[in-house]
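Here is a short briefing for a reader new to this structure.

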Amino acid sequence: MSGFKRIAVLGSTGSIGDSTLDVIARYPEHFGVYALSAFSRMDKLAAQAAVTGAAVVVVPDDAAAARFRQAWKGAGPMPEVRVGAQALADTAADPGCDTVMAAIVGAAGLPAALAAAQSGKRVLLANKEALVAAGSLFMAAVRQSGAELLPIDSEHNAIFQCLPQTGRAEAPLAPAPGVRKLILTASGGPFRRHDPADLADVTPDQACAHPNWSMGRKISVDSATMLNKGLEVIEAHWLFAMPAERIEVLIHPQSVVHSMVEYEDGSVLAQMGQPDMRTPISYGLGFPRRLDPGVSPLDLVKWGRLEFEAPDLQRFPCLALAYAALRAGQAACVTLNAANEVAVAGFLEGRLPYPWIARVIEAALEWQAGRPSVTLDRLTDVLDLDAEVRAYAGNLGLA
Ligand code: NAD
Ligand code: MG
C-alpha cells in the first residue's frame with residue numbers, strides 16, 4: 001500500500017459506514033479518518049467523530065449541526081461542522097482526503113460521489129444508485145480525472161476480482177478480452193419461496209429480514225423485490241462496459257459465491273467468502289494489497305452444498321423492469337431508481353402495500369416513455385429528471 005490514506009466516509013452512520021470504520025480502525029498505521037457525514041443520528045455521528053478524530057463532519061442542516069454540537073463529548077477539539085448538500089460534495093473533493101467511501105443511500109449520494117470522481121480520488125463506491133442514475137457521467141469523470149474506482153457492492157467487487165488483472169483499477173470502454181458474460185448472484189431475499197398472492201400484507205420488518213446480509217432498510221427491501229439485483233445489473237453495465245445481454249442473474253440462496261465471470265474458453269471464475277461487507281471494503285481500501293478485516297474463514301465443509309436456480313421474473317417483476325430500463329436508456333434508469341426510492345419509502349412508512357412497489361415503478365417507466373426525450377449530459381439534467389419522477393411517483397397508489 002502506498003503511503004498513509006486519509007479517508008472521507010460519506011454515510012458513516014449506516015451499515016456500510018459502520019463496517020468501513022471497523023476496517024479502518026484495524027490499520028491505524030495505514031488509514032486515518034478525515035471526514036464523516038450523516039443525515040440523522042447526530043449522537044452516533046458525534047461518537048464516531050470522537051473515536052476516529054475526524055477533522056470534518058458534514059450534516060444536512062443547521063438543526064442537525066446544533067444537535068451534533070450538543071451531542072459532542074470528545075476529549076479532543078470538536079471537528080469543523082459543515083452544513084448542506086454543497087458542503088458534502090465539496091468535502092468529497094477536498095484535498096484533505098485522498099480516498100472517499102461513497103456510502104450514502106439513494107440518488108442523494110450522487111453529487112458527492114461524482115465530485116469525488118471528478119477530483120481524481122480513490123472512490124470506494126457502495127452507492128449503486130449514483131451509477132444507475134448517472135452511469136455515463138460518472139464513468140466519464142473517472143476517466144477524465146484518473147480517479148481510481150473500486151466497486152464495493154459485493155457482486156461487483158467479486159467480478160472485479162475475477163476479471164483479468166491489469167494491476168490497477170480502471171474504467172474500461174469495452175468488455176475485458178476473453179470474457180463471455182458476467183453472472184451476478186442473488187440470494188432471492190426473504191420471499192423467494194412465498195406465493196406472490198400472499199405478499200399483499202407483508203410488513204416492513206418481514207421485508208427487511210434478509211436471510212444472509214445485515215444491511216440498511218432501503219437496500220433490504222430492494223433485496224426482497226430483487227430490484228436491488230436489477231440496480232446491480234445496471235451498475236455492472238457501467239463498471240465493466242458490458243451490454244445487458246451479457247449480464248446474467250442467478251439465484252444462490254447461501255450467498256457464498258458473490259458473483260462470477262464466464263470466459264470464452266469455458267472457464268468460470270467465482271469469488272467466494274462469508275457474507276460480510278468488510279471483505280469488499282478492505283479490498284477497496286487496501287488495493288492492490290490484501291488486508292485482514294476480521295472476517296472469519298469460509299467453511300465449505302460446514303456448508304456442504306451450494307444451490308443455484310434461475311430467477312422467476314413473474315415472481316420478481318422488478319428485475320424484469322430493471323433490464324427493460326437498461327435497454328431503454330438513461331432516462332429510464334433515472335426513472336426506475338427514483339420511482340423505486342419513492343415507493344420503498346412509502347412502503348417502509350406504511351403508506352404503500354408491498355406489491356405496489358413494482359406497480360409504481362412500472363407506471364413511472366410508462367409515463368417517462370411517453371414523454372419527449374431529454375438530454376442528460378449534466379448533473380443538473382439528471383437531478384431535474386429525478387425530481388420530476390419523484391413528484392409523479394409520489395402521487396401513485398398512496399393512501
Ligand atoms: P444505511 O441506510 O444503513 O445508511 C445510509 C447512510 O446514508 C447513513 O449514514 C445516512 O445518514 C446517510 N443518508 C441517508 N440519506 C441521506 C441524504 N439524503 N443525504 C445525505 N446522507 C444521507 O444504508 P447502507 O445499507 O449502509 O447502504 C448504503 C449504500 O451502500 C446504498 O447505496 C446501498 O445500496 C449500498 N450497499 C450497501 C450494502 C450493505 O451491505 N449495507 C451492500 C452493497 C451496497
Ligand atoms: Mg450487492
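A residue counts as buried when its relative accessible area is under 20%, and as exposed when that area is over 50%. Phe160 has a relative accessibility of 10%, so Phe160 is buried. The model is predicted. The points below are grouped by topic.

**Annotated binding site**

- An unreviewed UniProt entry gives the feature "binding site" at Lys128, Ser154, Glu155, Ser187, His210, Ser223, Asn228, Lys229 and Glu232.
- Of these residues, Ser154 is included in the lining of the largest cavity.

**Glu155**

- Glu155 belongs to helix 7, which covers residues 154–162.
- The relative accessible area of Glu155 is 7%, so this residue is buried.
- Beyond its neighbours within four places in sequence, Glu155 contacts Leu184, Thr185, Lys229, Glu232, His258 and Ser259.
- Two of these partners, Lys229 and Glu232, also carry the "binding site" feature in the UniProt entry.

**Ser187**

- Ser187 sits in the loop that runs between strand 8 (179–186) and helix 8 (204–208).
- Ser187 is buried, at 10% relative accessibility.
- A polar atom of the Ser187 side chain lies 2.9 Å from the backbone nitrogen of Gly189.
- With neighbours within four places in sequence left aside, the contacts of Ser187 are Arg192, His210, Pro211, Asn212, Ile251, His252, Pro253 and Ser255.
- One of these partners, His210, is also among the UniProt "binding site" positions.

**Gln254**

- Gln254 is placed in the loop between strand 9 (247–251) and strand 10 (257–263).
- Gln254 has a relative accessible area of 9% and is buried.
- What does the side chain of Gln254 join in a polar contact of 2.7 Å? The partner is the side chain of Glu307.
- Not counting residues up to four places away in sequence, Gln254 touches Asn212, Trp303, Arg305, Leu306 and Glu307.
- Asn212 is in contact with Gln254 and with Ser187.

**Aromatic pairs**

- The count of aromatic pairs is eight.
- Phe160 and Tyr283 make an edge-to-face pair, with 6.1 Å centre to centre and 80° between the planes.
- This pair links distant parts of the chain, 123 residues apart: Phe160 is in helix 7 and Tyr283 is in helix 11 (residues 278–286).
- Tyr283 is buried, with a relative accessible area of 9%.
- The rings of Phe347 and Tyr354 are also edge-to-face, because their planes stand at 70°; their centres are 5.5 Å apart.
- Phe347 is buried at 2% relative accessible area, and Tyr354 is buried at 6%.
- One aromatic cluster is formed by Phe160, Tyr283 and Phe287.

**Helix 5**

- How many of the nine residues of helix 5 (residues 110–118) are buried? Seven are, so helix 5 is largely enclosed by the rest of the structure.
- The buried residues of helix 5 are Leu110, Ala112, Ala113, Leu114, Ala115, Ala116 and Ala117.
- Three helices receive packing from these buried residues: helix 4 (85–92), helix 6 (128–145) and helix 16 (379–393).
- The buried residues of helix 5 also pack against strand 1 (5–10), strand 5 (99–102) and strand 6 (122–125).

Definitions and conventions
Residues are numbered from 1 along each chain as its sequence is written. Chains are lettered from A and ligands numbered from 1 in the order in which they are written. Side-chain values use heavy atoms; hydrogens and water are left out. UniProt positions are given in the numbering used here, feature names are shortened, and annotations may be inferred rather than shown by experiment. On a 1 Å grid over the protein atoms alone, a cavity is a set of points where a 1.4 Å probe fits but cannot get out, and a pocket is an open set with protein on both sides within 12 Å along at least five of seven lines; lining residues have an atom within 4 Å of a point. Helices (H or I, at least four residues) and strands (E, at least two) are DSSP runs, numbered from the N terminus. Buried means under 20% relative accessible area, exposed over 50%, partly exposed in between (1.4 Å probe, protein chains only). Contact means heavy atoms within 4.5 Å. A polar contact is a pair of N or O atoms within 3.5 Å; within protein, one must be able to donate a hydrogen and the other to accept it, and residues adjacent in sequence count only if both atoms are side-chain atoms. Rings of Phe, Tyr and Trp (its six-membered ring) pair if their centres lie within 6.5 Å; planes under 30 degrees apart count as stacked, over 60 as edge-to-face and the rest as tilted.
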